[in-house]
Amino acid sequence: MATPEGTTDSVPDHVPAHLVRSIGMLVSPEFLADPYEFFPRLHEDDNPPLFYDVNPVMGNTWMTIKHDIAFKALRDAEHMTTQTAGIFPRDPDHYFRLIPQELNPPIHRKFRNVLDPFLSPKAVMELERDIRALANQLIDGVIDRGACEFTEEFARPLPVTVFLRFMGLPLDMTETFVRWVVSLISFAERDKAIEIMSEIEEYLLSVIEEKRTNPDGAAISHIVHGRIDGEPLAERDIYGFVFFLFIAGIDTVYAALNNTWVWLARNPDRRAEMRADPDNIDAQAEELLRVFGVTFSGRVVTQDFEMNGVLLKAGDRFQSLLPSCNYDPAVWDNPREVRFDRPRKPILTFTGGIHACMGGHLARLEYKIALKEWLRRIPEFSLQPGCEITYRPSGVIGPDAVPLVW
Amino acid sequence: MVQVTYIAHDGTRETIEIANGENVMHGAVYNGVEGIIGECGGALACATCHCYVDEAWADKVGGPGSKAEEDMLESAAGEIKPTSRLSCQIIVRENLDGLVVRTPETQY
């Protein structure tokens, strides 16, 4: 386990006592009751812009909820690294880097260039028709029933199917893939991580071999046959690239959809407002992605330096609490309010800096299609009476289930 | 293919051939031109592909193509000028062959 359990005893000496907090990210009753009440509240509770958080599952780490400090940290490759910031246990004798996440400039950009052209706004637009057809097919499956468990029947199959097609992975393995990834990023199942890592590795290595002999024009094949400065990628780099995409692409969009649909189900007036203005879908989606960010972004400090008047030392961990940064009142007036006419500002949902999400265009496209098609066909819906929306400590934040009726 | 020249803050010039229909940000990022970062990849979400369209091309290229681009330009770190654009929103076509853009001192 790469993340040491945080306790107040293990706060290093250079951390001033007045900056130590224990906000309860992922673990407090307040977080577990409703993370999207928890994130904006952190600003209202008068936390320092940069503080040192003590947390039993995330470990001890510097933490910021401010948009400008997070942006600085995400963009500061000189003092901050993504290397070793990850939570995935790896065998030191057969190590692999998470690619491109754990690479630094300038090699980072060369790896990104292997796949970025297939994830550009223009490239993903080619997928629009298929995604829209799939969304409608999923809606066809539930519409006459008047009820569904949104996660299982829409939020998960939509992005996961699109992602597996993009990667060139078999759709009939969907359930296994989801189980692997959800367990791996769950802080409650850290003890299983090593076993799951090896199951994933055995499987993905067999796929990589298969694509080597049978190129198919999908992402894994592009990586296997990719070249950087004319040279093929090293074996462990191919694996690190494929593994990283696999982890990143499965559960993020469906968590965002789940969060959004809980809100939509509770806000009929806002649904009506969105339906009445379908051409404003870009602004609607961007605003909802602002308030329902699903993940956070860790770094490790590489050399002593001062940030915001605070001394950070080499080896310190640093966490940008992105879903909270998106509620920074210095950037968005009345940040809790969902408003579809806000001036566009950089949201941190897809992080920032050179490691900003590669799949962000695909995610945005899926999200917009999901909103538009669902609201068009099932405009009236609510949470199943009496149901409880529950969350668990995970690297990707969203409810476990969203039972809907209409 | 269409030729686009990028002039860095220090005067360094690089001329890149870009496929018709591709954007000026990608032309830089995929070809190692350093003055443009484009960290969000063209989602109008970061303002790190800010450029100044050369005066001689300003009319042909035009101003910001949308309210979203206009808003996002305000978040750019470098000085905003009348010819400022986000280069991810400039799509190159034959009529922009020979386009010259300047990159700001900083994108952060």
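This is a predicted model: local features need pLDDT of at least 70, side-chain atom pairs count only at pLDDT 80 or more; totals for chains, interfaces and linings use all residues.
A polar contact is a pair of N or O atoms within 3.5 Å; within protein, one must be able to donate a hydrogen and the other to accept it, and residues adjacent in sequence count only if both atoms are side-chain atoms. Residues are numbered from 1 along each chain as its sequence is written, chains are lettered from A, and side-chain values use heavy atoms, without hydrogens and water.

User: How many residue pairs are in polar contact between chain B and chain A?
Analyst: Both residues of a pair must be at pLDDT 80 or more to be counted. On that basis the count between chain B and chain A is eight residue pairs.

User: Which side chain meets A:Arg75 in a salt bridge?
Analyst: A salt bridge is a side-chain nitrogen of Lys or Arg within 4 Å of a carboxyl oxygen of Asp or Glu. Between chain B and chain A the count is one. At 2.9 Å, N to O, the partner of A:Arg75 is B:Glu39.

User: What area is buried between chain B and chain A?
Analyst: Buried area is the accessible area (1.4 Å probe) that two parts lose on being put together, summed over both. Carbon and sulfur atoms give 52% of the total. That total is about 1,600 Å².
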